[in-house]
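Subject: Handover of a structure and findings

Dear colleague,

Please find the structure below, followed by an account of what was found in it. I would be grateful if you would read the two together.

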Amino acid sequence: MLKLEGNKLIVTLDGREESFTETELIGILRDYVGQETDKISEKPIEGEWFDVNPTEIDQSLFYEERRDTRQEGTRIIILEALAELNDNPSKYGRPFQVMNPENTWYPQRKLIQELEEMAFDIGDHMENWVEKGLEWAQRIANGESWKSVCNDPDTARWYRLINWKNGSIRIIGGATRKHSNASATSIRYYDYKNVRKNNSMVPSVVRYK
């Protein structure tokens, strides 16, 4: 039961009344949101962190050529990412986590530059193509099927932004809110500039442990 008295909210919990000021409620909500944001998921889910352990990925899973063209395109990127890992283990061998934040500003548009800055605020930076390839490899190593990762429509609500090979920014995946049937490994082959505005994209955020 809830009731408002002056500037306080009175809540009845287990037959006992508790009163909260606006400041106290904001603090409780911030703590709750923080707990939700720190959840660890076995597969990427918006608002939750997904673990990637590059050195523990079974690289032999990606040696065999795939007959399906989408799966093969993803396999090639994964192999390139694994090559970067093998060549530079001090940079890419550390465990990290990936998270796609909730789009709380829709339908307002944001500059891509703002989304990049958001990634720095939430984690360490916006994910790059090597980390994305390792993320896909981790999903398959975790037991997800190639079809689920590469062919089935993406279940995410918003497109994700990553830093691409040439230093540009590209869109990854699909967006159910935009009625997209693209898979999670779909790559838009168009380089975006950070002055562009959009309301259907979020940064793919990385933080290292």
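Asn103 counts as buried because its relative accessibility is 11%; buried means under 20% relative accessible area, exposed over 50%, and partly exposed in between, with a 1.4 Å probe and protein chains only. The model is a predicted one, in which local features need pLDDT of at least 70 and side-chain atom pairs count only at pLDDT 80 or more, while totals for chains, interfaces and linings use all residues. Residues are numbered from 1 along each chain as its sequence is written, and side-chain values use heavy atoms, with hydrogens and water left out.

The loop around Asn103

Asn103 belongs to the loop between strand 6 (96-99) and strand 7 (110-111); helices (H or I, at least four residues) and strands (E, at least two) are DSSP runs numbered from the N terminus. A polar atom of the Asn103 side chain lies 3.1 Å from the backbone nitrogen of Tyr106, and a polar atom of that side chain lies 3.0 Å from the backbone oxygen of Asn199. Leaving aside neighbours within four places in sequence, Asn103 is in contact (heavy atoms within 4.5 Å) with Trp158, Asn199, Ser200, Met201 and Val202.

Asn100 is also placed in the loop between strand 6 and strand 7, and counts as buried because its relative accessibility is 9%. Its C-alpha is 5.8 Å from that of Gly47, although the two residues are 53 apart in sequence. Residues up to four places away in sequence not counted, Asn100 touches Glu46, Gly47, Arg160, Val202, Pro203 and Ser204. With Ser204 there is a side-chain to side-chain polar contact at 3.4 Å. Such a contact is a pair of N or O atoms within 3.5 Å; within protein, one must be able to donate a hydrogen and the other to accept it, and residues adjacent in sequence count only if both atoms are side-chain atoms.

Pro107 is found in the loop between strand 6 and strand 7, and the peptide bond from Tyr106 to Pro107 is cis, with omega near 5°.

Nonpolar cores

A nonpolar core is a set of buried Ala, Val, Leu, Ile, Met, Phe, Trp, Tyr and Cys residues joined through side-chain atoms within 4.5 Å. The largest has 27 residues, of which Phe62, Ile78, Phe96 and Leu134 touch the most other members. At least two residues of this core come from each of strand 5 (49-52), helix 2 (69-87), strand 6, helix 5 (129-141), helix 6 (146-150) and strand 13 (205-208). Helix 5 gives the largest share, six residues. A second, separate core has 18 residues, including Ile112, Met126, Tyr192 and Val202.

Among the residues that Phe96 touches, those up to four places away in sequence not counted, are Phe50, Val52, Pro54, Leu134, Val206 and Tyr208.

A residue with positive phi

Phi of His179 is near 55°, a positive value in a residue other than glycine. His179 lies in the loop between strand 10 (169-172) and strand 11 (197-198), and counts as exposed because its relative accessibility is 73%.

Yours sincerely
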